[in-house]
Amino acid sequence: MSNSSLVDVKIPANSNNYAIGRNGKKIEMITIHHMAGVLTAEECGSIFQNKNRIASSHYGIGKDGRIGQYVDEENTAYTNGNLQSNFKAVTIETSNSKASGNYPVSDKVLETLIKLVADIAKRNNLGTIVKGKNLTWHKLYSQTSCPGEYLLSKMDYIVDKANKINMNGIINSGNLDEKNSNQAKKTNEEISDEVIKGYWGNGEERKTKLTNAGYNYNTIQKMVNKKIK
Ligand SMILES: [Zn+2]
């Protein structure tokens, strides 16, 4: 398990505020929160340094778009108000741009959130990001209005853009490999695993993307069908 290289500042939470390890569970999802306040990454981190808080998150995006890390992904942050979901989640606190009304966040913070979501999903092999499945929000687990109406209204947008970031990374490298040499090209074996993880979409979308990246759709699809039997 690794941590995001997008992090600007590390502020370890007090050891009272998280659990070591994940109780044998695998990371299965990302959970989005809002700070219900306009805070920097450092201000959010200092809250989790209070040993009486019994709360933390893995990451926090400050009001200026800088990212703080408070708990390593290999450990369990207490963020969702529900221990079973905490064991399986990487959690993100997001600064609002106004601490009232529908609790908006700035465009810069939203774009940073999308990049961080894409990065966490990719490193943890979460596959295609699906709203409510491997991308969740606090309200699904406890009595709270977190992450606020504004972020809730942006979930489809976040999912769509984060999936595009991860998909483009693969397609770009595919095209580049094709142009430069066959040496760097991934094997059919590797690509079929990526298909199973959801990186290449489904149906016609999958066919188009694989073909455009220079792979034989029928060959890959046969391997996929064999593997998932
Ligand atoms: Zn929350």
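**Notes on the predicted model**

1. Helix H7 is followed by Gly214, whose phi is positive, near 95 degrees. H7 itself (residues 203-212) is hardly covered, with one buried residue among its 10. Here a residue is buried if 20 or more other C-beta atoms lie within 10 Å of its own, exposed if 12 or fewer, and partly exposed in between, with C-beta atoms placed from the backbone. Helices (H or I, at least four residues) and strands (E, at least two) are DSSP runs numbered from the N terminus.

2. On the basis of the note: the model is predicted, so local features need pLDDT of at least 70 and side-chain atom pairs count only at pLDDT 80 or more, while totals for chains, interfaces and linings use all residues. Residues are numbered from 1 along each chain as its sequence is written.

3. Overall, the protein chain holds eight helices and eight strands. Its radius of gyration is 19 Å, close to the 17 Å that the globule rule gives for 229 residues, so the chain is as compact as a globular protein of that length. The radius is taken over C-alpha atoms, and the rule is 2.2 Å times the number of residues to the power 0.38. The C-alpha trace spans about 55 × 35 × 30 Å along its principal axes, and buried residues make up 38% of the 229.

4. The domain assignment gives domain 1 (9-164) and domain 2 (166-227); such bounds come from an automatic or database assignment. The domain centres, taken over C-alpha atoms, are separated by 31 Å. Nine residues of domain 1 are in contact with five of domain 2, contact meaning that C-beta atoms, placed from the backbone, lie within 7 Å. On the domain 1 side, helix H3 (107-123) and helix H5 (155-180) are the elements that give two or more residues.

5. Six strands form an open sheet of mixed pairing, in the order S1-S5-S4-S7-S3-S8. Two strands count as paired if DSSP finds at least two bridges between them. Strand S1 (9-10) and strand S8 (135-137) stand at the edges with a single partner strand each, so one side of each is left without a neighbour in the sheet. Strand S4 (residues 59-61) and strand S5 (residues 67-69) run antiparallel and are joined by three bridges; Ile61 stands opposite Ile67 in S5.

6. Which strand has six of its six residues buried? That strand is S7, so it is largely enclosed by the rest of the structure. Ala89, Thr91 and Glu93 point one way from S7, and Val90, Ile92 and Thr94 point the other way. Strand S3 (residues 29-34) pairs with S7 in the parallel sense over six bridges, with His33 opposite Glu93. S4 also pairs with S7 in the parallel sense, over three bridges, and Glu93 is the bridge partner of Gly60.

7. Helix H1 (residues 41-48) lies across S1, S4, S5 and strand S7 (89-94), running at about 20 degrees to S5. Axes are lines fitted to C-alpha atoms, for helices over the stretch in contact, and angles run from 0 to 180 degrees between N-to-C directions.

8. Asn124 lies in the loop between H3 and S8. With 18 C-beta neighbours inside 10 Å, Asn124 counts as partly exposed. Not counting residues up to four places away in sequence, Asn124 touches Ile27 and Val90.

Note on methods: Two residues are in contact if their C-beta atoms, placed from the backbone, lie within 7 Å.
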